[in-house]
Amino acid sequence: MSVRRGFAAWLVVLVGGAFALSCQIQARMTPQPKDAPASAGAALLGESRLGLASYFHEMADLYFHCGVAHTRHEAIHDTWFQKRLTALRPSLHKHADRQAAREIVAWLRLAATMNPHDVEIVLLAAFWLHHEVGERELAQQMLKEAQVANPFDYEIQMERGRLYLYGGDVAAARARFDAALAFWPGARAPDNDTARHDQARLLLYRSLIHEVDGERREAIAGLREILLLFPERTHLENRIATLESGAEPALLGGHVWNNLLQSEDERSMLCETDADDTKAAHVHGEDCRH
Amino acid sequence: MTRTLTVARVVWLDVIRRKDFYVLLILMALLLVALVSMNLFGLGGVTAYVADIGLMMSWVFTWILAISIGSRLLPQEESRGTIFSLLAKPVTRLELILGKWLGAWSIVSVATVLFYGLVFAVTALHGGRFPGWIVLQAIVLHAMVVAIVCAAALMFSTRLNSDAAATLTGALTATSFLLVPRIPEFVAQAGGLRGGLLLFLYNLLPHFEIFDLRMRVLHDYGAVSAATFMMVIGYGLLVTIGFLGLGWIGYRGKQFTRGSLSGY
């Protein structure tokens, strides 16, 4: 009997020890692979997370248009039901104000949580957080989180660099643009239009920072690279000539990138009206109602 | 009328005994607590997404509740054999169907009001504001959808067992929710016979999209005009009466035999 008791006690100790050891090993193991579900929620939802992300993204768009859905091409018109729908649903094409912008960010945040590998959603959320909600730090935080999920994505680095430039942190912006250039073109083909334009943007930002830092030779090299990509941008030749002559004050770089940041963001705010077939785009103002 | 109300009361007692919507209320509360506890960067006053997801879940929950209650009421009487004692009483089959429908509809409508109350209470607690009278219109139109779904479930259950009735009602109403509003768009891409079939379905199936005021509520567009509101209610009543009428036609000549009802 005492032998059995002793065996049972040893068994309990051994099992306890094995359990403690497995806990220790588990705690020291490397993190799980990138695409593995990182939470109970993610494991529970599985691939349906992608569908939910798409749904939340659509909701953000719907909130941007204050509940008005996009016009669809329909074969039948003015049925009794369609007339009632027109009367019941929001129909005035207007855009979100500052408070509504916070709601849009909430949807985008949910979408990014569901699919952290969709960089477009993260960039959109960062844009809204910075420009419409006025929370640059939160935009940076969101981009940092996206960087963990997409460590070699140049677009995230580029956007982070742009936000640092907005905040006047030139050194941090320089590091981010360097990283973006190193990661370029990422998943895109090098001859892809978007990738080429992005590379030119990065080179221009980088060149301007070189200029401000007094690195004239590097600044000129950057501009020449852009000219190789887009020979039609002949205005850059004048800029190169000015820099080569040493006549330009270094402070102009900062002025140029401020204009550049503003003009790029205005282009991001373009709205395509779907009320007509011309798809005319314009920048929305506070009084814009169509 | 009194007999119809008595049947409806028995439906209430049965559902309370089964604790059906207590479970759904708990689920709804858990969902909202989970949503509100999510920290979206600490952005204050962001509550519309909570209300939006909460209202969407209210629609889904009430849809499930309406189908599960509506489709089992008649088959349950038959499987228990209580249909014989029920029909031996001075209750016509039409009154039985109306009573069952009234009971199911009123239960799910009360659940709908509770769901809306819960959603807006949690939203208000976190800085959101009550959208006003439009919510009442939204609840009334939501209750109209519940009336249609309950009527459809009862109609199918007059000739099918509860599982089959629930499945068919689910398929019919889900198609109406998801497919019917987009048929005009699909017709543009489909030609000939397919287009004709789609148009036939467009005119045949119920249109639930005109009862959905969620976007109007959430984006504060104000109340709907009385004329439009009454027209939509009128349409809802017509569809409900249509389903109940078909159910009555299917039920009035139905023969019940002892011993052949165990499948229900």
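pLDDT is the predictor's confidence in each residue, from 0 to 100.

**Figure 1. Confidence in the predicted model.** This structure is a predicted model. Chain B has a mean pLDDT of 86. In chain B, 92% of the residues reach 70 or more. Confidence in chain B is lowest in helix H2 (residues 20-37), where the mean is 72. It is highest in helix H7 (residues 134-157) of chain B, at 95. The model as a whole scores ipTM 0.78 and pTM 0.77.

**Figure 2. Chain B meets chain A.** The contact joins 25 residues of chain B to 23 residues of chain A. Four helices of chain B each supply at least two residues of the side that touches chain A: H3 (48-70), H9 (183-189), H11 (214-218) and H12 (226-252). H9(B) gives the largest share of that side, four residues. What classes of residue make up the side of chain B that touches chain A? There are 17 nonpolar, five polar and three charged residues.

**Figure 3. Two domains of chain A touch each other.** Chain A is divided into domain 1 (47-69 + 88-149) and domain 2 (152-270). Their contact takes 13 residues from domain 1 of chain A and 10 residues from domain 2 of chain A. On the domain 1 side, helix H6 (119-131) and helix H7 (136-149) of chain A each supply at least two residues. The largest share of that side, seven residues, comes from H6(A). By class, the domain 1 side has eight nonpolar, four polar and one charged residues.

**Figure 4. Helices H6 and H7 of chain A pack together.** Two packed helices are described by the angle between their axes and the distance between the axes. For H6(A) and H7(A), the angle is about 165 degrees, and the axes are 7 Å apart. H6(A) is therefore roughly antiparallel to H7(A), since angles over 145 degrees count as roughly antiparallel. The crossing of H6(A) past H7(A) is left-handed. From H6(A), the contact uses Val119(A), Val122(A), Ala125(A), Ala126(A), Leu129(A) and His130(A). From H7(A) come Arg136(A), Leu138(A), Ala139(A), Met142(A), Leu143(A) and Ala146(A). These residues divide into 10 nonpolar, one polar and one charged.

**Figure 5. Helices H8 and H9 of chain A form another packed pair.** The axes of H8(A) (residues 154-167) and H9(A) come within 8 Å. They cross at roughly 160 degrees. That angle makes H8(A) roughly antiparallel to H9(A). H8(A) passes H9(A) in a left-handed crossing. Residues of H8(A) in the contact include Tyr154(A), Met158(A), Gly161(A) and Leu165(A). Among their partners in H9(A) are Ala172(A), Arg176(A), Phe177(A) and Phe183(A). In the contact of H8(A) with H9(A), 10 residues are nonpolar, two are polar and two are charged.

Figure 6. Most residues other than glycine have a negative phi, and most peptide bonds are trans. Is the peptide bond from Trp184(A) to Pro185(A) cis or trans? It is cis, with omega near 5 degrees. Pro185(A) lies in the loop between helix H9 (170-183) and helix H10 (193-212) of chain A. Asp78(A) shows the other detail: its phi is positive, near 55 degrees, and the residue is not glycine. Asp78(A) sits in the loop between helix H3 (48-64) and helix H4 (80-88) of chain A.

Methods
Residues numbered from 1 in each chain as written. Chains lettered and ligands numbered in written order. Predicted model: local features only at pLDDT ≥ 70, side-chain atom pairs only at ≥ 80, totals over all residues. Contact = placed C-beta atoms within 7 Å. Nonpolar A, V, L, I, M, F, W, Y, C, P; charged D, E, K, R; others polar. Domains from an automatic or database assignment. Axes fitted to C-alpha atoms, helices over the stretch in contact; angles between N-to-C directions. Parallel < 35°, antiparallel > 145°, perpendicular 65-115°, else oblique. Left-handed = near helix turned anticlockwise from the far one by under 90°.
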